[in-house]
Amino acid sequence: MEAIIDYISVNQQEFYIFILAIFVGIEVISKVPTVLHTPLMSGSNALSGVVIVGSIIVLGKTDPANYLGLVLGFLAVLLATLNVVGGFAVTNRMLEMFKKKPGKK
Amino acid sequence: MILQLIDICYLVAVVLFILGIKLMSHPESARKGNSIALAGMILAIVASFLTPGLNNIALILIAIALGTVGGLYSAKTVQMTAMPQLVSFFNGMGGAAAALIGLVEYGDLPVSDTGKGAVLMASLIIGSVSFSGSMIAMGKLQGVIKDIRVNKILAFIVLGFSIALAVYVLNAGEAQPLLVYGLVLLALIYGLLFVYPIGGADMPVVISLLNSLTGVTAATTGLLYDNKVMLMGGILVGSAGLLLTLLMAKAMNRSVSNILFTSFGSASGVSAAGADGDQVAKEINTYDSAILLAYAKRVVVVPGYGLAVAQAQHAVHDLEKILEEKGVEVTYGIHPVAGRMPGHMNVLLAESDVSYDKLIEMEDMNEQLPNTDVVMVIGANDVVNPAANDDPSSPIYGMPILEVNRATNVIVIKRSMSSGYAGIQNALFFDPKTRMLFGDAKKVLNGLVSEVKNM
């Protein structure tokens with residue numbers, strides 16, 4: 001318990017960001033029309049793929065002799081990429097349909 | 001110098017994320033928002049490649065290439081109806097990635113670092129729950145997995161064990177790799193137990209919540225690496241996702257805890273016995289329906305999931321155009337949770353170029369319904385079920401509905417008399433004003449178009 005409190009105190013800055021980001025997130029989407037709920041959920045889903053940065057770092061620092069680590073890290077990068085690329089592509093496809101162009105198709 | 005450059009890239013990426021989400025909340029700027037968020041993501045990925053001493057670059061590039069191909073392929077080829085499943089799938093991938101990072105990192109982290117250890121345990125547990133939960137949610141939307149009743153207490157015991165293991169591992173004093181795998185396994189099982197009993201109609205809310213959880217794991221991973229772009233991006237998704245969850249639950253007039261901790265199945269047993277008896281629904285054929293529509297002044301279309309399944313969005317737009325040529329005013333009544341996700345119907349109809357101003361939201365539509373000659377319900381069920389207003393024993397009691405029985409005539413286009421996603425019978429079908437038009441939505445609508453044309 002003590003260790004955790006120490007950790008919070010040492011990393012104060014991170015925890016301030018943590019709290020402030022919560023409010024930014026709420027503030028930024030508080031006025032969303034229902035029409036955009038689905039695309040927005042999909043878009044924020046793509047953003048949670050930012051974990052790809054962590055998976056690149058983890059695979060990048062894994063010892064090439066640590067096979068288990070390599071496999072797990074490889075999977076992490078692969079899955080996170082799926083999340084990012086697929087997420088943005090699906091969102092884009094949803095939003096494309098909102099384009100107002102008379103006489104399309 | 002390189003470290004500073006990375007920091008600045010991350011900072012710019014965070015700004016782009018916030019701007020992206022902000023722009024995504026307005027219809028005109030939404031596409032731009034998506035591109036800006038994507039630019040931020042690319043910048044963050046490029047910056048992470050600059051990390052000093054990065055090994056295995058070939059492996060990383062191969063993984064990214066494979067993921068890109070897979071992601072693009074599935075996103076481009078998916079059917080409109082299956083998009084919610086795909087979002088759920090991608091979300092699960094993010095959660096799994098976070099959990100995998102935690103597993104690799106556990107081997108490297110000094111055991112004495114309890115603070116980071118606690119963050120890592122959180123990553124592992126939340127990431128695993130998000131992964132297995134998303135997979136079940138996907139299976140349910142796909143119709144592969146049925147509702148299973150699960151003892152809530154059992155689920156919490158599993159989660160409790162997982163957390164207890166995490167606490168034990170943190171205080172063990174030496175590395176416990178086996179126990180770590182054990183706690184991940186328990187967390188995965190909790191994810192299954194958590195989503196299994198939740199009714200399919202509530203899946204959008206669950207996916208939004210799981211999406212928020214994946215954001216939180218990205219943030220805890222950020223804490224692990226003192227990486228601000230992951231921290232900020234993750235929390236942004238976490239809080240935005242949570243707010244979205246609350247908004248969706250509100251649209252269904254249910255509290256989140258009600259959705260998560262009481263299953264649909266438990267309530268419906270009571271109401272089934274009372275209502276129906278030997279009521280008979282009245283059928284109507286295409287020709288009579290066409291007459292009814294062509295000579296109406298105001299027609300309202302209420303689309304539901306059935307429209308999406310039948311891919312009938314273009315057919316319904318054709319019918320709208322031909323009716324308008326005959327001087328009939330056609331609008332669409334959009335229930336906030338019609339389909340499988342909020343906004344599902346808007347997206348679907350936008351695909352067939354139905355004009356925006358014809359899509360009327362529920363509250364406004366309910367005011368107009370008494371002056372409407374014909375309501376055409378296409379593949380919608382629970383969102384027009386009057387039991388939500390007048391049957392307290394019904395599991396959907398209290399959910400706001402489109403009050404279509406206030407219009408003069410109701411035509412229900414449906415494949416059969418089977419019940420809706422909530423699994424309950426609909427008294428609307430037995431209303432004296434209602435006529436049933438059985439068949440596949442697309443075929444029926446095309447039939448109506450040619451009948452109206454010939455008049």
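# Two chains, question by question

Reader: Into which domains is chain B divided?
Author: This is a predicted model, where local features need pLDDT of at least 70, side-chain atom pairs count only at pLDDT 80 or more, and totals for chains, interfaces and linings use all residues. Residues are numbered from 1 along each chain as its sequence is written, while chains are lettered from A and ligands numbered from 1 in the order in which they are written. Domain bounds here come from an automatic or database domain assignment. For chain B that gives domain 1 (1-65), domain 2 (84-264) and domain 3 (274-453).

Reader: How many Å apart are the C-alpha centres of domain 1 of chain B and domain 3 of chain B?
Author: Take domain 1 (1-65) and domain 3 (274-453) of chain B. Their C-alpha centres lie apart by 44 Å.

Reader: Which element gives the largest share of the side of chain A that touches chain B?
Author: Contact is counted when the C-beta atoms of two residues, placed from the backbone, lie within 7 Å, and it takes in 76 residues from chain A and 94 residues from chain B. On chain A's side, the elements giving two or more residues are α1 (2-10), α2 (12-28), α3 (37-47), α4 (51-60) and α5 (67-96). Helices (H or I, at least four residues) and strands (E, at least two) are DSSP runs, numbered from the N terminus. The largest share, 26 residues, comes from α5(A).

Reader: Are the residues of strand β4 of chain B buried or exposed?
Author: Buried means 20 or more other C-beta atoms within 10 Å of a residue's own, exposed means 12 or fewer, and partly exposed is in between, with C-beta atoms placed from the backbone. In β4(B), Val374(B), Met376(B) and Ile378(B) point one way, and Val375(B) and Val377(B) the other. For this strand (residues 374-378), 5 of its 5 residues are buried.

Reader: How many residues does the largest nonpolar core have?
Author: A nonpolar core is a set of buried Ala, Val, Leu, Ile, Met, Phe, Trp, Tyr and Cys residues joined through C-beta atoms within 7 Å. Those with the most contacts inside the largest one include Val77(A), Leu236(B) and Val377(B). Leu236(B) is in contact with residues including Ala21(A) and Phe17(B). The core's residue count is 192.

Notes:
Lists of a residue's contacts leave out its neighbours within four places in sequence.
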